[in-house]
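Visitor: I would like to learn how to read a few features of a protein model. Please take them one at a time.

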Amino acid sequence: MENEKMDSSDSEQEYIPPPDLLNKLALVEENLKQNPSYELYLEKVALLKEIKDPSRILLAFEEFGKVFPLTSDLWLDYIHIAIENDYSEDAVLNLFATAVKDYLAVPIWVEYINYTAVCLNDDERNINWARNIHETGLSLPALHTKSGVQIWKSAIEFEKRLYSYSKDDEENTEQNVSQTKNQIDRIVSLYHRMFSLPLMGISDEFEEFKSWLTEENITADNLNSIIENFNNTNIKLSSIIPHEKKLERCSETDIYKYKVYPKYLNFVEDYMEFSIAQLQCLYERMIEQFPIEPAVWIQYLGFLKSGDKTKVLSVAERSVRNCPYNGKLRVELAKIAQNSGYDEQIVKEILKSAIEVPYEDPQQLLMVWKCFIDFLGSIHLNGNDRTSEIEELFASTSKVIDEYFYFHKSNTRTQFLTHWAEIKANVLKDVESARNIWISEVLVKNNKSDVKLWSKYLDLEKSFGTPESLREGYLKAMSSVRRGLKKISEKWLEFEKQNGNSEQLNEAIKTCEIRLQNLGVEEMEHSERDEKKDKTQFQKKPMNKFQQISTRDKVEKKEVVTQGKWQNFSTDTSKLSNNNEAYMPPAGEEHRMIFLSNLNYTVTVDDIKTVFEDKVGPTESIKLKTDFRGRSKGFGYIVYKSPESIELALKMDHTVIHGRPAFVSKYNPDKNTRKHYFSYSTNLEKNKLFVRGLSFNTTRETLMTFFSKYGTVKDVRLVTLRTGKSKGLAYIDFETEEMASKALEATNGVELDGHKIFVAISQPSVGEKRHVDETTGENLTKKPCTSFIPTSVKIPQKKTKIEFNTQTTPKPESNGSESSGKQPQLSNDDFRKLLLQKK
């Protein structure tokens, strides 16, 4: 019986997690393998806590801390669980030492100092070891104005405990007396140091200090100095209290703090009484508040470069841990490591990890690539051949730009190639290749008339080319550039004056004069053409009867269009009858009709019949709208014989006919209630995801299959051009917000069809709304018309003061009450005075 009771009690204590929790944990762990995000790690830790598996929790925390910096709350949670599960003292101390490196966290330092007291074994070496840890905490974290006093209290409490041990020692030897006196001096010194810092709460600690001196009957030799120091510190503290109160009024996530901190920093920096360490402590507080803001880290690094350079590298490493997708911070880390004398291999590893980051902005990638290739170039110029590495880096980065930054390709690739041409010429000494890059890849299409790019190319020819190649470059530039042509011509003439003979100079002068003269003529023709256009726009004369007849004759002539979208169409207007009139279906047919739009202009009635009758059902009539020449307008109507065919027809939406998707919708004759085909929600849709970066070959079915793993997908909308070609964008509509959130965490940043996709909650941009005056119907959003009358010739209007005749016969009161607020009616005499402008 006793054994049975024991077994039953054991079974009650044993916790068996529910299957849904285990399944959820398995899904999170699977998603972490594909996309190790901060939110997924948090969810994993929370699930393991529910499952009550301490060993796996500790492993999860360890893995979490290697990938991301942890907040003070997470670190303390991690350390407490480790202590509860009998971690060794050394292991716990290592956790504390790692925890204080992420952020300036006062709560961690307080517990760290308190834990060192637990680890003492009455060994002088252990005491000195603990004091070294305390001094590290007192050097920067204890300068925290709001809560730094807690660290001082913990350190002083540690020393007071040692003082009580030496005081209670029964052996009253000379050594014990000396130790006790030294311990008192150490405690007084800590108080003295604390009272020299502007910390909130030091007034209470000062009272505690006086009470301790009285209780222990101790007379401090420098008590007057301590009091004076305390009074001066209170004055300094009162100057920064307003800034601290502003920070307190902000919530933990309030962006207003982002504006308060810079003002606070400027004040402390200008106040000569504050030390560099106090300013650094304030930077650390701002970093703790905004750890993923690259601008804050860059400002902090700039401050350290101008001051304490010994800590720059560690702060740069922390910045990359917090902002792994910022190229500027990664470049800063590489440069700081290089300037600090680190080995070439270490700097190269930093840059390799930086170039492999999937940046969303192509400029970030270009920044890292330039730093990396310049670093390799400097090594190459010092005599160590790095040609193959430089070529490989160019090829791999070029591939990334082509694949992932398609929409930014033009500008990004121009910057990329111009720098590559510089590397080819300056580093690899391959001037011919550099020249070919400029001529065949950079100075083409939209860049052909860019004066800045031509100037860079001409500088290359001036540095590495021959006089003949430079003259050829000037000729090409003169024939291509419009804006900045004078600048190019001046540079060319200056070059010929210094390097050419009189014949070459005269030839250059002649070429420049002709080109500048032609450019002037072109600009005059453009201005005259614009002026004529303005005149015809604002001074359009009515046609006389002969012009009207001539115009009518032109309209009636039969013209054959041989090119463009209307080619191969008949222009015989005799066959058109009333086809251009608005289509009004017979009464009772509306429920059997559908509306077609976005049709290719070559689509005929037979084409529509083939698609929508053979696959849906028999039609009664098909109407394709055309203009007065009989050419299709790209939309039409279908009337089915059976209303049941409508639902089947609507499923044919986006069916491709002649290379363009046809849009299918229900027929609605009322324009007031009819919604635009492209009218989508512009609010935040938490159950819908927006996906970008898709391959142009990814289909709707592929997306449906891919996202259905994370929940029920109601609809997938693949955004396409009018031609039906994908834009690489899509919207995924889930049944619930939870499903959408789960899919977001699991799929953002993963690869699909060879492309890395980016996923976010859907919130389409809102276009400019048109506001109309309800009374007049006037469009209130249109831009105001510009006055064409110069202000210098405007005649200011005189303001006429109008006085009403208040002696007129009053209007009879209605319902026995007098209407107060209404203006009296004007009499004939009032109008006469107004006309004669008499007062």
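**Reading the model**

Guide: Start with a helix contact: in α7, V106, W109, V110, I113, N114 and A117 meet Q150, I151, S154, A155, F158 and R161 of α9. Contact means heavy atoms within 4.5 Å. By class, these contact residues are 8 nonpolar, 3 polar and 1 charged; Ala, Val, Leu, Ile, Met, Phe, Trp, Tyr, Cys and Pro count as nonpolar, Asp, Glu, Lys and Arg as charged, and the others, Gly among them, as polar.

The model is predicted, with local features needing pLDDT of at least 70 and side-chain atom pairs pLDDT 80 or more, while totals for chains, interfaces and linings use all residues. Numbering starts from 1 along each chain as its sequence is written, and side-chain values use heavy atoms, leaving out hydrogens and water.

Visitor: At what angle do α7 and α9 pack, and how far apart are their axes?

Guide: Two packed helices are described by the angle between their axes and the distance between the axes. Here α7 (residues 106–118) and α9 (residues 149–167) pack at about 10°, with axes 9 Å apart. That makes α7 roughly parallel to α9, a label for angles under 35 degrees. Axes are lines fitted to C-alpha atoms, for helices over the stretch in contact, and angles run from 0 to 180 degrees between N-to-C directions. Helices (H or I, at least four residues) and strands (E, at least two) are DSSP runs, numbered from the N terminus.

Visitor: What is the strand order in the open sheet?

Guide: Strands pair if DSSP finds at least two bridges between them. The 5 strands run in the order β2-β3-β1-β5-β4, with antiparallel pairing. The edge strands, β2 (619–626) and β4 (655–657), each pair on one side only. From one strand to the next, the twist averages 30°. Between β4 and β5 (residues 660–666) there are 3 bridges, and I657 has R660 in β5 as its bridge partner.

Note on methods
Parallel < 35°, antiparallel > 145°, perpendicular 65-115°, else oblique.
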